[in-house]
Amino acid sequence: MSLTDELLRPLLASPAKPLITHYDDQLGSRVELSVATTANWAAKTANWLTEEFDIEPGDAVAVQLPAHWQTVGVLLGAWWCGARVVTEGAGARLAFVGPDDPEPTGAAATAVVTLDPMGRGLAEPPGGGAFDYLTESRAAGDQYSPLFRIPGGTTALFESTVDEVLAEARARAAKLGLTADDRVLSTREWDGPEGILDGLLVPLAAGAHLVHVSNADPAKLAARRDAERTTADLPA
C-alpha cells in the first residue's frame, strides 16, 4: 500500500476534520484544508501524474517547493502513484518548481506551482514547454485508484522505502507524544528528507492537525497559537 494510502486511510473516517492550516506571514494569507480536501488534491495530482507522465512505482519526481498547502497535494499525489520523491531534477521524470524558480536541469519535464494563496494557476502559460500544475491538475479526477500495487519496499523518499518512512514518522510522532487530538504549530521548512519527514509526515502519521507558518514573523507566533488553539510545537 502506498505511503499516501497509509497516511490518509485512517483519517478519512472524519473527512471534514481540519488537517492542514497554512499561514504565510509575508502575504498575510491563511488557507485551511480538511482531510477530504487534502485527499482530493492528492487524488487529482496522482491522476495527472499517471495520465500525463505515465509515472510508475519507483519513478523519481523532484519536488523543489517550500512548505506550503499546495506542496502537500504534490507530495501526497506523487506518493499515491508510487513515485520516489527527491529534490534534484537530474534524472527525474518530472520536477515541480515554484513560479520564480529556474527550470531545473536534467528533469524530463517541469511543472510550475504558483503557490497562489487562492489556488489560482498562472496568468499566462509557462515557457520552455513547462506545465501549469494547478490549472492542469484541476481537470483530473477527484478519486484515485492505483494502476499498480505499491509494495512496502518501494522507494518513497530519497532512498527510504514506504515501510521505512512510515515507521520512522510514527516513531518520531510517538517520541514527541503527538496524537490525533493535537493541533501542531510548525515553522519548519520541508527541505530534504529530514525536513519533509519532521515537518509534514510526523504530524500526518499522528493524525494531528498541522498549522504551518511560512515566512514566520516571530512577533505573531503567540497570536497564531492562541487563534489556532495549538497544543504542541514541532522542533525548528
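Tutor: Arg 172 counts as buried because its relative accessibility is 18%, where buried means under 20% relative accessible area, exposed over 50% and partly exposed in between (1.4 Å probe, protein chains only). The model is predicted, so local features need pLDDT of at least 70 and side-chain atom pairs count only at pLDDT 80 or more, while totals for chains, interfaces and linings use all residues. Residues are numbered from 1 along each chain as its sequence is written, and side-chain values use heavy atoms, with hydrogens and water left out.

Arg 172 lies in helix α5, residues 162-176; helices (H or I, at least four residues) and strands (E, at least two) are DSSP runs numbered from the N terminus. The side chain of Arg 172 forms a polar contact of 2.9 Å with the side chain of Asp 198. A polar contact is a pair of N or O atoms within 3.5 Å; within protein, one must be able to donate a hydrogen and the other to accept it, and residues adjacent in sequence count only if both atoms are side-chain atoms. Leaving aside residues up to four places away in sequence, Arg 172 touches Glu 194, Leu 197, Asp 198 and Val 202, contact meaning heavy atoms within 4.5 Å.

Helix α6 spans residues 192-206 and packs with helix α3 (residues 69-80) at an angle of about 75°, their axes 13 Å apart. Axes are lines fitted to C-alpha atoms, for helices over the stretch in contact, and angles run from 0 to 180 degrees between N-to-C directions. Val 72, Leu 75, Leu 76 and Trp 79 of α3 meet Ile 196, Leu 200, Leu 201 and Leu 204 of α6.
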